[in-house]
Amino acid sequence: MSVAASDPRPKPVKVADAIRARVRDGKYPDGKLPTTRELAKEFGYAGQTIRDGLGILIGEGLIFSAGNRGYFIAAEGKASTARKPDVGEELMELRLQIQALTERVAALEENGTSGGA
């Protein structure tokens with residue numbers, strides 16, 4: 001499977017997206033992904049690019065590395081969907097913290113300009 005050359009995204013992201021779609025479509029029924037060498041040949045990218053793409057999927061919890069035994073789908077691909085609410089909650093918490101800090105800075109600036117003159 002070759003990826004569109006006109007796609008401006010970084011190569012590891014393209015690899016991760018393609019493999020993620022395959023996992024969702026059930027292309028790896030035994031739960032084991034092809035070797036990095038096989039994927040590199042298929043995608044036409046260097047092995048490090050493939051490993052970087054797989055690293056993205058490991059970070060998402062979709063797959064895991066079993067060392068020399070290869071890469072496997074984590075919990076039949078359900079791990080990545082379980083992580084999404086946590087990420088959303090973290091983003092909401094960060095947004096609330098930024099909003100609180102913005103309000104504090106605005107109050108300090110207001111007090112600084114009214115009291116310093």
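1. Helix H1 comprises 14 residues, and the distance from its first C-alpha to its last is 20 Å. This is close to the 20 Å expected at 1.5 Å a residue. The structure under discussion is a predicted model. Just after H1, glycine 26 adopts a positive phi of about 75°.

2. The buried residues of H1 are Pro12, Lys14, Val15, Ala16, Ala18, Ile19, Arg20, Arg22 and Val23.

3. Four salt bridges are found in a search of the whole structure. One of them is formed by the side chains of aspartate 17 and arginine 20, at 2.5 Å from N to O. The two residues stand three apart in helix H1 (residues 11–24), which means that about one helical turn separates them. An α-helix has 3.6 residues a turn, so residues three or four places apart point the same way. Aspartate 17 is partly exposed, with a relative accessible area of 27%, whereas arginine 20 is buried at 18%.

4. Arginine 20 also meets glutamate 60 in a salt bridge between their side chains, at 2.7 Å from N to O. Because arginine 20 belongs to helix H1 and glutamate 60 to helix H3 (residues 47–60), this pair ties together parts that are 40 residues apart in sequence. Glutamate 60 is partly exposed, its relative accessible area being 26%.

5. A further salt bridge joins the side chains of arginine 22 and glutamate 42, at 2.3 Å from N to O. Here arginine 22 lies in helix H1 and glutamate 42 in helix H2 (residues 36–43), so the pair ties together parts that are 20 residues apart in sequence. Arginine 22 counts as buried, at 11% relative accessibility, while glutamate 42 is partly exposed at 31%.

6. Salt bridges with shared partners link Arg9, Asp17, Arg20 and Glu60 into one network. Arginine 20 takes part through its salt bridge with aspartate 17 and through its salt bridge with glutamate 60.

7. As to the overall fold, the protein has four helices and two strands. Their order from the N terminus on is α-α-α-β-β-α. Of the contacts in the protein with a separation of 6 or more, 45% are between residues 24 or more positions apart.

8. Buried residues account for 30% of the 117 residues in the protein. The accessible surface comes to about 8,100 Å², and carbon and sulfur atoms contribute 56% of it.

9. The surface also carries a nonpolar patch of about 380 Å², made by Val87, Leu91, Leu94 and Ile98. Leucine 94 is located in helix H4 (residues 79–115). With a relative accessible area of 46%, leucine 94 is classed as partly exposed.

Terms used:
Residues are numbered from 1 along each chain as its sequence is written. This is a predicted model: local features need pLDDT of at least 70, side-chain atom pairs count only at pLDDT 80 or more; totals for chains, interfaces and linings use all residues. Side-chain values use heavy atoms; hydrogens and water are left out. Buried means under 20% relative accessible area, exposed over 50%, partly exposed in between (1.4 Å probe, protein chains only). The expected span of a helix is 1.5 Å times one less than its number of residues. Contact means heavy atoms within 4.5 Å. Accessible areas come from the Shrake-Rupley method with a 1.4 Å probe; for residues, only the protein chains shown count as cover. Patches are made of residues with over 30% relative accessible area and no salt bridge: like charges are joined within 9 Å, nonpolar side chains (Val, Leu, Ile, Met, Phe, Trp, Tyr) within 5 Å.
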